[in-house]
Amino acid sequence: MSETITVDQAEGDLIARREGAAGVLRLNRPKAINALTLEMTRVIEGAMASFAADPEVALVLIEGAGERGLCAGGDIVGLYHSARQGGDLGPVFWREEYIVNAAIAKYPKPYVAFMDGLVMGGGVGLSAHGSHRIVTDRTKIAMPEVGIGFFPDVGGTWLLSRAPGEVGTYFGLTGEIMNGSDAIYAGFADALVPAANWPELRAALTAAPANASAQQVRDIIGRFSVTTEPGTAQRHREAIDRLFAHDSIEAIAAALEADGSEFAQGALKALRSKSPTSLKVTLRLLRQARQAPSLEACLIHEYRAALQVFVSAEFIEGVRAAVIDKDRQPKWQPARIEDVDDEIVGRYFAHRGANELTFPT
């Protein structure tokens with residue numbers, strides 16, 4: 001049985017419907033690699049509530065339309081234009097998005113995320129907090145926000161700070177891509193299923209009994225999953241832990257520069273292309289997240305920082321260089337890591353009073 005719960009009739013950007021025992025959330029902007037908008041976030045929130053209350057829905061399944069990926073992240077072009085015009089899309093969008101991220105982590109039914117193809121930024125927030133996270137042989141996961149004057153948000157600091165050793169620090173600061181093996185090793189995913197096996201697995205999930213338990217869903221996925229070979233992070237774990245263990249960007253950069261390995265030089269090159277301010281903000285958020293008691297606590301810290309991002313020239317310049325003009329030549333201010341002082345970084349950690357992020361009870 002297939003029953004449509006709710007559809008964004010204007011654009012059809014998010015389709016939510018019941019297929020058998022599964023409440024399916026389908027991101028439907030394939031030309032934009034399913035980049036997430038505020039309207040899509042609102043449909044997801046409403047559909048999740050409907051599916052949770054429906055006794056015939058055993059699990060929720062989120063997937064992306066097209067062959068390119070689950071979700072390339074938030075709609076940063078819209079955010080860019082709003083920031084330039086002094087609008088409020090950023091504060092509104094991030095507040096509602098982060099509330100959905102927290103709801104996914106606490107969802108009362110199995111939440112299955114099909115993380116095929118490209119999964120970036122906001123796409124990570126819609127998938128990696130789920131209870132059953134599937135990657136494929138085509139998966140490319142990244143949180144490259146430091147390259148646009150931002151930082152890994154949507155609970156990314158919670159996930160990255162709980163990766164083995166300094167693996168999360170490495171991925172958070174460099175923005176490097178995780179393949180399926182890396183994602184499982186870093187704690188962003190649970191199982192690798194070849195993309196060719198997805199139709200059969202999807203059919204099995206929609207045919208699950210209405211009262212299927214989390215373990216039963218895990219067993220269904222296990223029938224189609226395969227073992228993985230070590231990815232980049234696991235192969236270079238010793239170097240990552242040694243080089244990224246420092247609590248300042250200056251020290252990490254110095255360690256990378258002193259190391260003559262190809263891996264270290266590649267990581268250093270990646271760091272040098274990022275916003276110096278974003279690097280320092282990200283590292284502080286990651287270290288702070290290690291002591292955080294919950295995902296919600298990390299999201300509150302991220303929201304404080306995001307409000308500062310939205311009024312900063314770094315974000316506008318980063319998006320301009322990467323997406324608008326595509327010259328790949330951002331003019332960061334300050335341009336040097338050593339010129340980003342505590343006063344600049346502190347603005348991203350200020351309490352926001354009445355604008356603090358709160359979660360529904």
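Predicted model: local features only at pLDDT ≥ 70, side-chain atom pairs only at ≥ 80, totals over all residues.

Residues are numbered from 1 along each chain as its sequence is written, and side-chain values use heavy atoms, with hydrogens and water left out.

The axes of helix 2 (residues 76–84) and helix 16 (residues 313–324) come within 10 Å and cross at roughly 135 degrees, where helices are DSSP runs of H or I with at least four residues, and strands runs of E with at least two, numbered from the N terminus. The two helices, helix 2 and helix 16, are therefore oblique to each other, since angles under 35 degrees count as roughly parallel, over 145 as roughly antiparallel, 65 to 115 as roughly perpendicular and the rest as oblique. Among the residues of helix 2 that meet helix 16 are Ile76 and Tyr80, contact being heavy atoms within 4.5 Å.

The largest pocket has a volume of about 1,100 Å³; a pocket is an open set of points on a 1 Å grid over the protein atoms alone, where a 1.4 Å probe fits, with protein on both sides within 12 Å along at least five of seven lines, and lining residues have an atom within 4 Å of a point. Its lining has 43 residues, with Ile76, Met120, Pro144, Ile148 and Ala322 nearest the centre, and helix 16 gives the largest share, 5 residues.

The second largest pocket has a volume of about 260 Å³, and helix 3 supplies the largest share of its lining, 4 residues.

Methods
Axes fitted to C-alpha atoms, helices over the stretch in contact; angles between N-to-C directions. Points joined across faces, edges and corners; volume = space filled by probe spheres on them.
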